[in-house]
Every structure is written in C-alpha cells, then in structure tokens.
Amino acid sequence: KGLLYKGFKIVPYCPRCGTPLSSHEVAQGYKDVRERSAIAKFRIVGEDAAFLAWTTTPWTLPSNVALCVNPDAEYVRVKKRDEVFILAAALADKVLGEDEYTVIEKMKGSALEYKEYEPLFRYVSPKEKCWYVVCDSYVTMDDGTGIVHIAPAFGEDDARVGRKYELPFVQLVDGKGEMTAETEWPGVFVKDADKLVLRRLDELGLLYSAPSFEH
C-alpha cells in the first residue's frame, strides 16, 4: 500500500561496541572538548570564486554532497587580496577580518539555491545530483560562515535536508568509526582523520582556516 519505506535514522553511535546509544548513555559521558574546525573553500563551477563553509567535524568533509544557506539571510560576494568568496554578511568581519575585504555584491541566501560547486574530494560518483547549494532555515548566523556543509549520513539536520532535496547518502566511514577504502585514509579512526583531512585540504589550497572550537 506504499505505507512503509526503507531509510536511515541518525542516532548517537559507539564505534567500540558497534551499537547505537541512547540519550541517557550519551549524557553519562558528556564533556566539552576543544578541537580544530575547518573553514573550507568550495570552488564555484564556472566562476573564479568560492563558497566558504564551516564544519566542526573535518572527518565528514569527504562525505559532503551539498552546502546549505539560510534562504532569508543576507550573503555577500567579497574580494580579499586575490581571492573572491561568498559567505554570510553577518559573519564576514569575524571570518575575514574587519576592513580586510571589499564587498562586491549582496544577495539573499535563496538566490544561491542550486548554484553548483566543485567537490573537495572525488572519492565517489553518486547517481543522484549533488554538490550544489540548498536552503534551510536551520542555518544560523551565530558561528562559522553562514554556509554549512551537508553530509546526510552524519547529522539529523543534514539527513532531513538530504531527504528534502533527494541528495545521495554518502557514508565514507564504516561501523568501526574508521575511514573507508574509497578515501586516502582507509582504517584511520575518524577523530585521527581530522588532522589528515585538514592537511590534505591545505595541500590542495582548499583550506581557508582551521580555528579552534569548543563544543
């Protein structure tokens, strides 16, 4: 009758045990940590410019399939030295430094929807359309760049947006919490992969910065 469907649910997970965790189990081991986040350059197809997108989990970047903006927020195209970037107007000073850039153009987030970019890594070739900008109001102007990288396998909002836009479900991490053979770091635990992903992005010229972040 079409009343059932097969899909994925995002839950807390223990790679040591290989099992999902309840919210009570997660709360027992909860603590604040300070780690390196990533502001990556996603080069826009057909333009000499890049989106600046932020993530606190660099190990999820190989599984990226989209970038998400807030449709009602203001975004700016700016020039800093010889590079052109797009990011949220409210966060430009914080990310780029006050008086260190020139605003070329202003636009609503909704104007960026479906704009395509080049993937940071080409480990997979999904059949579904991906690597373009999507819109959702969950993107805030509190931290980062106002542009969020989307990996549907690793976040509840990511999964929801992925279903909304019918994005591919790319999961380059196995049940042991290790990077899969498709990547450059097979068998490396995800948290150990953070610094390796950051180093590779830097080598490719795709890392804008890697600020420390407490979460």
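**Entry 1: salt bridges across the chain**

A salt bridge, as I use the term here, is a side-chain nitrogen of Lys or Arg within 4 Å of a carboxyl oxygen of Asp or Glu. I am working with a predicted model, and I looked up the salt bridges, of which the structure holds 16. The pair I turned to was Arg 34 and Glu 214, which form a salt bridge with their closest N and O atoms 4.0 Å apart. Arg 34 belongs to strand β3 (residues 34–36) and Glu 214 to strand β13 (residues 212–214), so this pair ties together parts that are 180 residues apart in sequence. I then checked accessibility, and Arg 34 counts as exposed at 58%, while Glu 214, at 48%, counts as partly exposed. I also noted a network of salt bridges that links Glu 47, Arg 77, Glu 105 and Lys 115.

**Entry 2: Asp 136 and its partners**

Asp 136 lies in the loop between β10 and β11 and Arg 160 in helix α3, so the pair ties together parts that are 24 residues apart in sequence. I also found Lys 164, for which the closest N and O atoms with Asp 136 are 3.8 Å apart. Lys 164 lies in helix α3 as well, so its pair with Asp 136 ties together parts that are 28 residues apart in sequence. Looking up accessibility, I noted Asp 136 as buried at 6%, Arg 160 as partly exposed at 33%, and Lys 164 as exposed at 51%.

**Entry 3: the two sides of α3**

I next asked which residues of α3 are buried. They are Asp 158, Ala 159, Val 161, Gly 162 and Tyr 165. Because these residues cover an arc of only 165° around the axis, they sit on the same side of α3. Glu 156, Arg 163 and Lys 164 are exposed on the other side of the helix. Among the elements that cover the buried residues of α3, I recorded β10 (132–135) and β11 (147–150).

**Entry 4: positive phi values**

Glu 166 is exposed, with a relative accessible area of 65%. Arg 81 likewise has a positive phi, near 55°, and I located it in the loop between β7 (74–80) and β8. Arg 81 counts as exposed at 66% relative accessibility.

**Entry 5: strand β5**

Is strand β5 largely enclosed or open? Six of the six residues of β5 (residues 50–55) are buried, so the strand is largely enclosed by the rest of the structure. Ala 50, Leu 52 and Trp 54 point one way from β5, whereas Phe 51, Ala 53 and Thr 55 point the other way. I then looked up the neighbours of β5 and found that strand β4 (residues 38–43) runs antiparallel to it, joined by six bridges. The hairpin of β4 and β5 has six residues between the strands, and there Gly 46 takes a positive phi near 80°. Strand β8 (residues 83–88) runs parallel to β5, and two bridges join these strands.

Key. Residues are numbered from 1 along each chain as its sequence is written. This is a predicted model: local features need pLDDT of at least 70, side-chain atom pairs count only at pLDDT 80 or more; totals for chains, interfaces and linings use all residues. Side-chain values use heavy atoms; hydrogens and water are left out. Buried means under 20% relative accessible area, exposed over 50%, partly exposed in between (1.4 Å probe, protein chains only). Helices (H or I, at least four residues) and strands (E, at least two) are DSSP runs, numbered from the N terminus. Two strands pair if DSSP finds at least two bridges between them. The arc is that of the directions from the helix axis to the C-beta atoms. Contact means heavy atoms within 4.5 Å.
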